Amino acid sequence: MTPATPTATPAPATADAAAPRRPARLLRHSLVLTGRSLAKSARNPGAMLNGVLTPALFLVLFTFLFGGSVAGSTDAYLLYLFPGIAVMGAGLSGMLSSGLAINIDMKKGVFDRFRSLPIGRSAPLLGSILADVVRYAVAVALLFGIGYLMGFRVQTDAASALGAVALMLGFGFCLSWVTVFLGVLVRDENAVMGFAFIAFIPLMLGTSLAAPVDTLPGWLQAWAGVNPATHAMDAARALLTGTPADGSIIRTLVWSAALLAVFCPLAVAAYARRR
Amino acid sequence: MDDHAFRTEGLVKRFGRTTALAGVDLHARHGTVLGVLGPNGAGKTTAIRVLATLTGFDAGTARVGGLDVVRDADRVRRLIGLTGQYATLDEELTGLGNLVLIGRLLDLRKPDAVRRAKELLDRFGLEDAARRPVATYSGGMRRRLDLAASLVGRPRVVFLDEPSVGLDPGRREDLWRVVRELTADGASVLLTTQYLEEADALADSIAVIDHGRVIAHGTPSELKRIVGGQAIAARPRDPHRLGDAARILTAVSGHGAERTSTHELVVPVDDDRSLFEVARRFEEQGIALAEFSLRLPGLDEVFLALTGGDNGASDRGAPTDTATARSRA
Ligand SMILES: Nc1ncnc2c1ncn2[C@@H]1O[C@H](COP(=O)(O)OP(=O)(O)OP(=O)(O)O)[C@@H](O)[C@H]1O
Ligand SMILES: [Mg+2]
């Protein structure tokens with residue numbers, strides 16, 4: 001500590017400086033916290049690889065295991081498989097990272113620091129999830145790279161491809177709120193991990209990922225038919241490879257909106273209540 | 001608007017079956033320091049957390065800058081800075097990163113946030129560690145960074161929960177100077193501590209709490225008066241001369257001298273002239289002294305007299321002068 005220069009001017013820097021409009025402030029605070037989360041990712045990129053490695057593994061495995069038998073050739077199968085894998089990449093990053101990061105934050109002192117600052121109650125949650133969206137975007141870009149190397153080419157136009165990416169990210173964003181809610185509610189981080197892992201299998205594999213829904217066994221067909229991830233995968237497939245959309249885009253949007261509408265308020269309320 | 005920087009009245013907080021606060025009244029005027037003293041589990045941290053809008057409560061009122069901490073939580077948060085008992089830092093970020101983050105969340109523009117962060121890092125002797133992750137900081141460095149973190153927004157009311165724990169004596173002096181600078185700038189401080197010396201040095205008034213209740217409140221000298229007048233303390237260099245020294249003290253003061261575990265003798269005196277008489281006789285008898293002083297009872301004496309040491313004797317009547325010596329034991 002250097003000798004006393006009473007640096008503080010009496011005018012408080014923060015108090016009562018005509019509080020700017022609320023939504024703008026919430027977004028700004030959230031983005032600051034997004035920056036925090038991304039700075040950590042940049043320092044420790046290993047954690048992000050999960051969202052890339054698992055789908056990439058499925059991509060390679062399924063292509064060479066089933067490619068011949070399901071679609072006749074691995075190239076044809078890659079065209080079918082890849083969009084679903086990209087959705088899995090976005091969904092997986094969403095399921096794993098935000099809920100866990102929030103859960104860990106809340107157990108650390110930094111949670112108290114945020115709560116003693118004049119920021120919106122949802123800013124730490126929103127900030128963390130927005131950072132996730134950036135991370136999914138990276139994961140999806142890497143998956144596209146891997147897909148390209150394996151021979152996947154977009155069959156439609158650039159606008160549709162961008163639409164597909166936006167849809168995946170939007171779906172991942174909305175899905176994140178479910179795990180964030182759990183991350184806030186459950187104290188034990190291992191339980192959060194465990195849940196995400198258990199939910200991953202039916203949610204991402206009980207879908208049209210590897211084969212069209214109508215070729216699945218009856219019981220699985222029923223589940224895959226209502227599974228929002230199926231719709232997201234069908235929609236991505238339609239936008240990337242030109243298969244008929246059959247309302248899957250609308251259904252994905254509706255599902256995403258519903259997940260957001262239910263779990264975002266629940267997560268924020270649970271977060272505000274935790275003391 | 002009320003002229004208190006912060007004020008609680010009849011504050012009650014229960015955790016399940018534990019009553020952490022059983023009707024606590026704390027208050028401080030603008031620009032003053034309230035020291036809150038109490039043994040472990042007394043409710044100090046809980047009281048701070050209520051005032052800092054982190055914890056709800058079951059009954060009573062709590063206001064900061066005239067604002068209700070529940071209804072006006074957001075505006076209260078604009079006024080306060082908190083250094084909790086446990087560090088509230090992001091371990092993965094650097095020291096600079098932590099302070100800039102807080103500045104940005106307090107609506108400072110990026111360059112202003114960086115400037116403010118650097119200023120505070122300098123002030124707390126952390127400039128060399130500014131770009132290292134907090135995970136690599138020593139305990140005392142974390143403590144100082146946490147303190148810096150609470151000052152980023154130039155708060156008008158600062159809550160410090162045992163801020164000097166883990167600081168070496170030099171750093172503790174620095175902390176004290178920072179607290180004095182804060183009040184010189186017109187900010188108000190609530191400081192909890194186990195170091196009675198610290199409350200004595202910094203606080204304009206002191207509240208002693210125990211079992212969730214304020215058991216004494218007043219200025220440091222008012223509290224000292226509760227325990228009694230002045231005392232002479234003497235520690236002969238040679239422990240074998242304790243007997244001789246005790247005889248001299250008893251003869252001059254007319255009171256029995258208490259012997260402490262550190263081979264110190266303490267005796268209450270009625271006026272300060274006794275000191276010279278005692279000194280003369282020590283010299284006459286050739287008793288060399290390691291320590292020799294005339295003093296007011298320390299706050300630890302007050303504290304022990306009020307809380308009755310280890311257990312529930314806080315309802316004991318007016319403490320006697322033996323309190324002085326007993327607390328030294
Ligand atoms: N979150 C909690 N859940 C349950 N009990 C709690 C909680 N926080 C505090 N308590 C209890 O409330 C009482 C007061 O605790 P508090 O932390 O306020 O004490 P303190 O005076 O700060 O003690 P110390 O000097 O050890 O920090 C204690 O009995 C403690 O066990
Ligand atoms: Mg405490």
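Predicted model: local features only at pLDDT ≥ 70, side-chain atom pairs only at ≥ 80, totals over all residues.
Started with a helix pair in chain A: helix 6 (residues 158–185) and helix 10 (residues 248–273) pack at an angle of about 30°, their axes 8 Å apart. Angles under 35 degrees count as roughly parallel, so I logged helix 6 of chain A as roughly parallel to helix 10 of chain A.

Looked up the handedness next. The crossing of helix 6 and helix 10 of chain A is left-handed.

On the helix 6 side of chain A I found, among them, A:Leu167, A:Phe171, A:Trp177, A:Phe181 and A:Leu185. They face a set in helix 10 of chain A including A:Leu253, A:Ser256, A:Leu260, A:Phe263 and A:Tyr271. I sorted the residues of this contact by type and got 21 nonpolar, two polar and no charged.

B:Thr53 is not a glycine, yet has a positive phi of about 65°. I traced B:Thr53 to the loop between helix 1 (44–51) and strand 4 (59–64) of chain B. Buried or exposed, this B:Thr53? Buried, at a relative accessible area of 7%.

B:Asp107 went on the list too: a positive phi of about 70°, and not a glycine either. I placed B:Asp107 in the loop between helix 3 (95–105) and helix 4 (110–123) of chain B. With a relative accessible area of 26%, B:Asp107 is partly exposed.

The assignment gives domain 1 (4–222) and domain 2 (231–295). Taken over C-alpha atoms, the centres of domain 1 and domain 2 of chain B are 41 Å apart.

Terms used:
Residues numbered from 1 in each chain as written. Chains lettered and ligands numbered in written order. Heavy atoms only, no water. Domains from an automatic or database assignment. Axes fitted to C-alpha atoms, helices over the stretch in contact; angles between N-to-C directions. Helix = DSSP H or I, 4+ residues; strand = E, 2+ residues; numbered from the N terminus. Parallel < 35°, antiparallel > 145°, perpendicular 65-115°, else oblique. Left-handed = near helix turned anticlockwise from the far one by under 90°. Contact = heavy atoms within 4.5 Å. Nonpolar A, V, L, I, M, F, W, Y, C, P; charged D, E, K, R; others polar. Buried < 20%, exposed > 50% of the residue type's maximum accessible area, 1.4 Å probe, protein only.
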